[in-house]
Amino acid sequence: MTDTSALADRLRALLDTDHAIALLRGAVARNSITGNEANMVAFLEPEMQRLGLAPQTADFQPGRPNIWGERKGTGNGPRLLFMGHTDTVHVKGWAEKWAGTERENPFGGALVDGEIWGRGTGDLKAGICTSLAALDLLDRAGIRLAGDVAYAFVGDEESGEEGTGVSAGVEAYTHLVETDKIARPDFAVYVEPTQLKVFTAQMGFFIADLTLTGKSAYFGVPEQGIDALKAAHKLQAALFAHSDTIAARADHPLVGRAFLLVTHLEAGGYIAVPGECRLSLIRKLLPGESLDAAVTEFETVARDSLAGTGVSLDIRYPAGRDHRFGGSPAEIDPAHPAASLMSAAVKAADADKGAVAGAPYWSESPFLINRLACPAIYCAPGDISNCHTLEERVNVADYLSGIVAFASFIAAYCGVQGT
């Protein structure tokens, strides 16, 4: 097996930092807010061609393409997949916050105090560029691989834009693998930002929008109405108690505890009994929990709390991903050999990085782990805490260390044919 520590030293000396930084800044310059994935695909296609990946594209929705490609090895090594999403969240408020500064353009990729700023830097264009630059670095080192290295960059991961954000891109790609149109990977790295930790587990979730309908009435004769807001207080009390119950059941070593969080409440009338109340919530699931069972349990709690109030309840689930109710939790063994190999490769590039942890977010690894039975991790430079904010940025040193780490990992996992 390749010595990742020795290889990391060799690779770092060969890294073209100017080219790597230009690659990421070029990616950030492409406005690929969800729905505009074609802009990022147009940037990636020539770079993937240059790397000999024979890229292919196909629309998962009209005008919204995925792109994928591969570098074939000598045929006697495992198949590794790097995956990430090409879309980003919106930039509302960015220009106003940074007006008159070098950060003003959200697609400018400004380099400030050792960090690259802009929408999509962390989530997750740094991850995409790290994975491609790693292969370029192996080429610079003259390293030939035994196994295949595949890349798949998909759209529609982010939510927030009307009619989007249902993982349509990865669903289309997964279908191609399931129908043997694309070879199945043996292991995958989804390049969500992890601060170069190795995430082997992630939470699941469902979002529920609830509408309570009673009967409005003039304030002077409230007995003629059915107060939906008052009923919502009973509902919330039951939901908060339910959250405490599920949190007390288990504590996952990497993902923490499950909970239910009420995120929105809206009701009221014009000097009248509120006849309708709308409420939204999110439920966090731990690996091993069933979305179907969690939804059934939640609905029982919600409906039982309103018994005898005269208020009707409608529940909708607007955020289906790999499951009609939401996103499934997923995990692999934290001691999986490939996960350990990535951890070692990252530590060889930066001794302070590479710890195994769990994702404090949901992304698309369940399509790989649960649908394709492909073990997968999240790993990439970037800090999720500044993603989706007006301060999104990536540390350049971490990005460059990530390239070295990914290159070392590719060589160690796929096997080296010769140098």
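Modeller: The accessible surface of the protein chain is about 16600 Å² (Shrake-Rupley method, 1.4 Å probe; for residues, only the protein chains shown count as cover), and carbon and sulfur atoms account for 51% of that area. The model is predicted, so local features need pLDDT of at least 70, side-chain atom pairs count only at pLDDT 80 or more, and totals for chains, interfaces and linings use all residues. Residues are numbered from 1 along each chain as its sequence is written, and side-chain values use heavy atoms, without hydrogens and water.

Of the 419 residues in the protein chain, 55% are buried (under 20% relative accessible area; exposed is over 50%, partly exposed in between; 1.4 Å probe, protein chains only). The C-alpha trace spans about 85 × 50 × 40 Å along its principal axes. The chain has 11 helices and 21 strands (DSSP runs: H or I, at least four residues; E, at least two; numbered from the N terminus).

Now the rings. The whole structure holds 16 aromatic pairs (rings of Phe, Tyr and Trp, its six-membered ring, with centres within 6.5 Å; planes under 30 degrees apart are stacked, over 60 edge-to-face, the rest tilted). One of them joins Phe199 and Tyr361, a tilted pair with 6.0 Å centre to centre and 55 degrees between the planes. Phe199 sits in strand β9 (residues 198-202), while Tyr361 is in the loop between β18 (356-359) and α10 (365-371), 162 residues apart. Both Phe199 and Tyr361 are buried. Ring pairs also join Phe82, Tyr151, Phe153 and Phe406 into a cluster.
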